[in-house]
Amino acid sequence: MTGLFTAAQVRGAERAAMAGLRPGVLMQRAATGLAAVCLGLLGRAHGVRVVLLVGSGDNGGDALFAGAVLAVRGAQVTAVLLAPDRAHADGLAALLRAGGRTGGAESLARADLVLDGIVGIGGTGGLRDDAVALVHAAVAGPGLLVAVDVPSGVSADTGEVAGEAFPAQHTVTFGAVKTGLVVGAGRGAAGTVHLVDIGLGPHLPAPDAEQLTDADVAVHLDPPGAGDDKYSRGVVGVIAGSATYPGAGVLCTGAALRARPGLVRYAGTAAEGVKAAWPEALVTSGRPGAAGRVQAWVVGPGMGTDEAARSVLAEVLATDLPVVVDADALTLVAAQPGLVGDRTAPTVLTPHDREFARLFGEVGGDRVAAARRGAAALGCTVLLKGDATVVADRDGAAFVNATGTSWLATAGTGDVLAGVLGAFLTGGPAAAEAAAVAAHVHGRAGQLAAEQGPLIAGDLVRVLPRTLARLRGADG
Ligand SMILES: NC(=O)C1=CN([C@@H]2O[C@H](COP(=O)(O)OP(=O)(O)OC[C@H]3O[C@@H](n4cnc5c(N)ncnc54)[C@H](O)[C@@H]3O)[C@@H](O)[C@H]2O)[C@@H](O)CC1
Ligand SMILES: Nc1ncnc2c1ncn2[C@@H]1O[C@H](COP(=O)(O)OP(=O)(O)O)[C@@H](O)[C@H]1O
Ligand SMILES: [K+]
């Protein structure tokens, strides 16, 4: 599990760590780690042109000290100071001692690497005009764009960008990963995130949110034991698709089957199409009650929003079973929130932004807060889809997904996610963690499928077994 932290949490840990250290030690650790990552990215230092964008806080100090390390190794380092009289004095002295110099924005036109030390976790509001001008000049130049701690202009807490941000290819962050680096607009601005350990570990509080790793997911993927049978492995019920549009039923049922093949029951008007595609599923065209016993329901993809669909949804939500509420079912819940609000059994809502807006109002720039708001409003779990999918539980626990590819932006991939999630809801983890595991697996399946070129939703179902095998570490 990777913990995600707010700026205030990191500052608190820094204060506690500093209490036992000589002044400046944390900054030295940060700058040394930053220089090491830059050296790794460049491959060498000698003769390389490095430009530092230096604001007037400690973020600029980090850039100056790292620049000094690179200058000692033979790099030509130029610091562009936003406020020369307020630049970090010791950092600037160290850079000049090491052979670096100060200069103007024109140096960006020939840079090999640009270090963005304009502003870090001390930033407030949108980037100021002089900083924006420097960011534009850096982007126009040829240098590799590396952000110090946080790309300037990104809210470390939320990932919001009010105005413009430094579009980093890499971000070297200190002590802990900030939530804003992995979600929303901040995720796009941060590029690849490198975490430098500066010894904050023992001083960090419980994280603001969490990110699952492959290893966290692997523990939920144990193969069946000798004593297992098709029932003990989890029975998923799927209600999706329609006679005219069986596709959603086929994708969702296939995903549930492939994610955790114990037993999948299908109930709905796409029964013929589902039966033809998946002879392994037990299929009925009747109501959910006619399907037989299940341990979790997935309801909604492509089922329509008419009265018949509403009554099927109400029947499923009246049970005390876990339910994944997706797509058309979300539209129905938006019109009748009590269907979910009155439940006590686990319920996972899986909206994309437009569906979320119908249920809870606009998502806005703070996606983790939005998901928490929805979960609290209906007392359920919310999986808010996006390039970084967010899961929030009614108690405020939150996960930000780390896997996936923008190739997933294609029709039907959400139907697959719903089926995978239904499968994990029948097993060990509680609803929010099951949702986070499903999003992680879905993203990895997308990455694997995308290796073969542009993917369609059915490809995700096809690669699920190999995805799960890889995640278990059982595949070469
Ligand atoms: N506190 C510590 O112990 C450590 C801090 N470190 C560094 O220190 C940083 C935090 O330093 P500070 O607290 O000095 O704050 P920052 O350097 O992040 O930001 C403060 C400066 O940015 C300017 N600024 C704020 N908002 C702006 C905006 N919208 N546009 C343009 N300029 C803006 C302010 O005028 C101020 O000069 C971290 O991000 C990290 O890089 C590291 O050296 C590790 C140790
Ligand atoms: N740009 C993107 N990058 C990564 N994942 C994406 C992107 N766009 C969409 N996705 C993922 O693809 C899926 C799309 O689901 P959804 O919008 O419900 O589509 P559909 O209704 O067609 O099945 C979600 O899991 C979402 O997180
Ligand atoms: K920065």
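Colleague: Is Gly386 buried, partly exposed or exposed, with its C-beta neighbours inside 10 Å counted?

Modeller: This is a predicted model, where local features need pLDDT of at least 70, side-chain atom pairs count only at pLDDT 80 or more, and totals for chains, interfaces and linings use all residues. Residues are numbered from 1 along each chain as its sequence is written, and chains are lettered from A and ligands numbered from 1 in the order in which they are written. A residue is buried if 20 or more other C-beta atoms, placed from the backbone, lie within 10 Å of its own, exposed if 12 or fewer, and partly exposed in between. Gly386 has 18 such neighbours, so Gly386 counts as partly exposed.

Colleague: Why does Lys385 count as buried?

Modeller: Lys385 sits in the loop between strand E17 (381-384) and strand E18 (390-392); strands are DSSP runs of at least two residues (E) and helices of at least four (H or I), numbered from the N terminus. Lys385 counts as buried because its C-beta neighbours inside 10 Å number 22.

Colleague: Which residues does Lys385 touch, not counting those up to four places away in sequence?

Modeller: Two residues are in contact if their C-beta atoms, placed from the backbone, lie within 7 Å. By that rule, the contacts of Lys385 are Thr350, Pro351, His352 and Gly414.

Colleague: On the other side of H10 from its buried residues, which residues are exposed?

Modeller: In helix H10 (residues 307-317), the buried residues are Ala309, Arg310, Val312, Leu313, Val316 and Leu317. They lie on the same side of H10 because they cover an arc of only 165 degrees around the axis, taken from the directions from the helix axis to the C-beta atoms. The exposed residues on the other side are Glu307, Ser311 and Ala314.
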